[in-house]
Structures are given as structure tokens and as C-alpha cells.
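Student: I've just opened this one and I'd like a guided look around. Can we take it bit by bit?

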Amino acid sequence: MRIAIIGMGTAGVTVLKELSKSRRFQDMQIDAYDNPINMGQGVPFQNDSDQLLINLPAEQMSLNLDNKREFFDWCQAQSKFKFSNPEYLPRFVFGHYMKAFVDKINNANANVTLIKEEVAEVFIESNIGETDVLYHVCTSNDMEHCKTYDIVFLTVGTLSYHDPYQLKGKPGYIHTPYPTYHTLDNVKDTDNIAIIGTGLASLDVIRYVTEHHINLPITVASRKGELPSVRGEMPEITFQYLTPKKFNELKAENFGNVPLDDAMALFLKECAIYEIPVETLVHRKVGNPVEDLKYDLEHAEDLGKFQSILELIKENLNWIWNSFNRNDQKRFLEQYQPILKANSNPMPPRTAKLLIEHIENEQIRIYDGLENIEYNNHQFKLTYANHGDDYFDIVINATGSKTQLKDLDSDDQLVINLENRQVIQAHPLGGIQIVAETNQVISPRYGTLQNMFALGQLTNGINQSRNGVTMIVRQATGIIHRLLEN
């Protein structure tokens, strides 16, 4: 059995790790592909500044579903990386934890090969009139550099960053903020800097740039100007109403779908059990970043319970999301996805306290109402809806990664080529079409590809908001278990 794993971040490493547990592992010939920098670590956990912290406590991060302390225990046992406050660890440390698994499996097994090159093409060999297919994986445009496989895992990770104002290639525009320790390589001490985007990526840039750039304050701008929420005291909870049993009962009464309003009624019943003031928390932001951060810090108990429920929804969103009809999915994205996003992946409390300090000390300014950015005469003009224009020498893009195939460019050439060769097709709500229950790729030319699986952000149309480590690990583990059973 010849297997290709394309991309060796969280999903790819988990696939390899789960395959290695099989009694048939030695019968497999496994090639794992990624560039030398990301092999075994992926982009989110690449080597970077130790100021970039994981948003989850270390004791809740793991590639092992049966032991959520595995990463924390690994950190305590090793001697290379030591930190005085191990509750929230730098992201790159988790990357080294993953890479340790890859190196261990690779070094102990001759049937595993790490190919430290990026994949350029994946195409399907199928004789006309026959249904059997073979998968060819190529590391260049020369077909001599292709290998043939029975099974392919598309674990390419996050897509490239948005370019909402078409600034890519302009001098002084930093299209991607990672690794952050290279963002200031070509920046002069006197340059004025703006960061666009106020999500999690912008927090990373803020931490690094304020520490290493002289000319402050830094301007941080977006349309809404809202920072992520702060992690509260998140208890363990179990759903009593949002359950497959309840959803199956509703599907039986509603032509095979669960009405969104009925699902929301079940959600509110869950919140009532824990006495969560839903309306207050949903509408708590007042538009002042300092006040909003302080509110979250001062209401850690209520907010933490709310975040726990939303996190559990995300972990189960595969069957919840795919129980809705298409109209309700679109309505969910419009009405409720912003609430889920605003309260998911919260920042550590100490990051919030640092941001408050930076704002009050006038090291950063946060503006909403960003409408447009233009480049002219070696400067960037930021135009706002609610106050005058601003001019900057440097703009750092922290707007997040793309989700729609129609927005891709040469940075995502493999995915573009896959779509062009009719191996994959776009999902209208983002990412590519897959079978929800199995993650098998649905090709417009070949139908359901029995032995090609896609995981992670590439499947965001089906797997809405399920991009956390635990969710990806659960996804990968389930795929491997089903594959080995068959």
C-alpha cells in the first residue's frame, strides 16, 4: 500500500502518527511531503518569536485524544526549551513536539520517507471506461519527478493570506506576518507602521513589533476594530440538548434537516443550565478596546462558561453544520458565525493585560472603520469611514487566510492545479467538496475519490470553524480508523 501525505503540519503529523499504530504499518510505503522549514511543524507552529503564545493552556494541547496532557508532559521531560511560566507556551514549542514524533517514526521505520520538497501537481490516472484510479504526486512540472500512490492525504494546512486591498508586491507591504521575526528585516527605525486586521494574527504582530521597533505608536486598523475575546475560566461541560439524538428526532420531522431556529432553541437551553447571560455577553463590546478587554478579564467565570459551550459546539460542528439545509447554513454564517468567531480562540489573560498596557501607554492605536488602502509616492494611505486619512511607510497584513478557491493566487498553486485538473471542486461556502462523514474528496470528473482524503482548512465549507488542533486531530484519527477497518 503506497501512501502520500501532502503537508506535514498538525493534520499530516497526526495521519502519520495514527498510521504508525497499525498492525499493518510495515506493509505501507509512506512518503510525507513538505518544504524543509515546515516539515513536521507546519506554518502555525513554525520557528518564530517566543512572544507568540498558544491560545490554549499547554495542559490542553495534544496530538493524543486519550491524553490531553501529552504535550505538557513532553515539555516537562525535555531540556531544550524551558520557560518560567509554562501555562501558556510559545507556539513554536508545539511544533517541536510534533516534529519529535515525525523524527522518531521516520528514524525507526525504513518504510517512511520524508521528502523535503513542496508538491507541485497531483493528477489522476484513469483509463477511459474504467473506474479504478491511481494518484500521481509530482514535485515539479516535469513528469519524471512524479510518484504513484494508492492513497493520498491532502493535509496542506492553511491557504495563503488575503490581499483585500490588492497591495501585494508594493514596496513596504508585508503580505504575510509570519515568521514575525522577519517582519522588520527591511524596515527602518524611523518608518511608520500600520497593521491591518485585529484578529489573532494581529496580536502576534503587535507583540513582536512593539518590542522591536523604535517609532511608536503602531496603528492597528480594521473594519470593526474589535480584538479577540479573552479566555475565561472554562469548565468541562457535556451537552444535554445539543445531541445527535435530539438532532435525529428533528431531522425526522423536517424532511431530513434540522431547522436553524430549533437548533438555536436547544443552544439556549444549554446556556440556561449554566446560567449564562447570553444576551449580555453577545452584546458586551462597547467599541473601546481597553474597556472591552477589562470587561472580559473581570467576567472570567460567565465568559468562560460561554466559551466552553461554543468550543464544544465547534468540536461537534461537523454533524451540527451538515444537519442544516443550505439556506440555514447561509443564515448561520450571517447571523451566528460572527458571534462564534468573536468568542472562539480567545487570547490568554496575560496577552490582554499587555495590550491594555500598550494602549494606555500609547504604544499602539486601534482604529475601526477602515475602508480602503492606496499606495502612492512610496506611502500607504489608509482611509476610514469615521475620521481623517492616515499615511504609513509600512503596512503589515494580518487579515487572515483565504477560504474561497476563487480568491487563490500563485501562493496556492497546488490547489489551483488540483481544481484545474478536475481533481477537486469548490464548495460554495468555502474550501473544497468532500463527503462530510469520511473526508473523501469529491471530484467533478471522477466522483467520490475513495482513497483521497482532505483535512483541515481546505475543507472549511463542510468543516465550518473546526480548525483547532484538537478538532484536526480528531478528524485525522477518525479517517485513519475508518480506512484501516476497510
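Student: Where is Ser22 placed?

Tutor: This is a predicted model, so to speak of local features we need pLDDT of at least 70, and side-chain atom pairs count only at pLDDT 80 or more, while totals for chains, interfaces and linings use all residues. Residues are numbered from 1 along each chain as its sequence is written, and side-chain values use heavy atoms, with hydrogens and water left out. Helices (H or I, at least four residues) and strands (E, at least two) are DSSP runs, numbered from the N terminus. With that in hand, Ser22 sits in the loop between helix H1 (10-19) and strand S2 (29-33).

Student: Is Ser22 buried or exposed?

Tutor: Buried means under 20% relative accessible area, exposed over 50%, and partly exposed in between (1.4 Å probe, protein chains only). Ser22 has a relative accessible area of 14%, so Ser22 is buried.

Student: Which backbone nitrogen does the side chain of Ser22 reach, and which residues does Ser22 touch?

Tutor: A polar contact is a pair of N or O atoms within 3.5 Å; within protein, one must be able to donate a hydrogen and the other to accept it, and residues adjacent in sequence count only if both atoms are side-chain atoms. The side chain of Ser22 gets to the backbone nitrogen of Arg24 at 2.9 Å. For touching, contact means heavy atoms within 4.5 Å. Leaving out residues up to four places away in sequence, Ser22 touches Met28 and Leu484.

Student: What about Ser49: which residues does Ser49 touch?

Tutor: Ser49 lies in the loop between S2 and helix H2 (70-77), and Ser49 is buried because its relative accessible area is 9%. A polar atom of its side chain lies 3.0 Å from the backbone nitrogen of Gln51. Not counting residues up to four places away in sequence, Ser49 touches Phe92, Thr180, Tyr181 and Tyr208.

Student: Which cysteines form a disulfide?

Tutor: In general, a disulfide is a covalent bond between the sulfur atoms of two cysteines. Here the rule is a pair of cysteine sulfur atoms within 2.5 Å, and the count comes to one disulfide. The sulfur atoms are 2.1 Å apart in the pair Cys138 and Cys146.

Student: What is the handedness of the link of Cys138 and Cys146?

Tutor: Both ends are buried: Cys138 has a relative accessible area of 2% and Cys146 has 19%. The angle about the S-S bond is 100°, and the link of Cys138 and Cys146 is right-handed.

Student: What is the relative accessible area of Cys75, and of Cys271?

Tutor: Cys75 is buried, at 5%. Cys271 is buried too, and its relative accessible area is 1%.

Student: What is phi of Asn345, and of Asn377?

Tutor: Asn345 lies in the loop between helix H12 (337-342) and helix H13 (349-360), and Asn345 is partly exposed because its relative accessible area is 27%. Asn377 lies in the loop between strand S12 (370-376) and strand S13 (379-384), and Asn377 counts as exposed because its relative accessibility is 64%. Phi is positive in each, in a residue other than glycine: near 45° for Asn345 and near 55° for Asn377.

Student: How far apart are the C-alpha atoms of Glu279 and Ile195?

Tutor: Glu279 lies in helix H7 (residues 278-282), and Glu279 counts as exposed because its relative accessibility is 58%. Glu279 and Ile195 are 84 residues apart along the chain, and their C-alpha atoms are separated by 31 Å.
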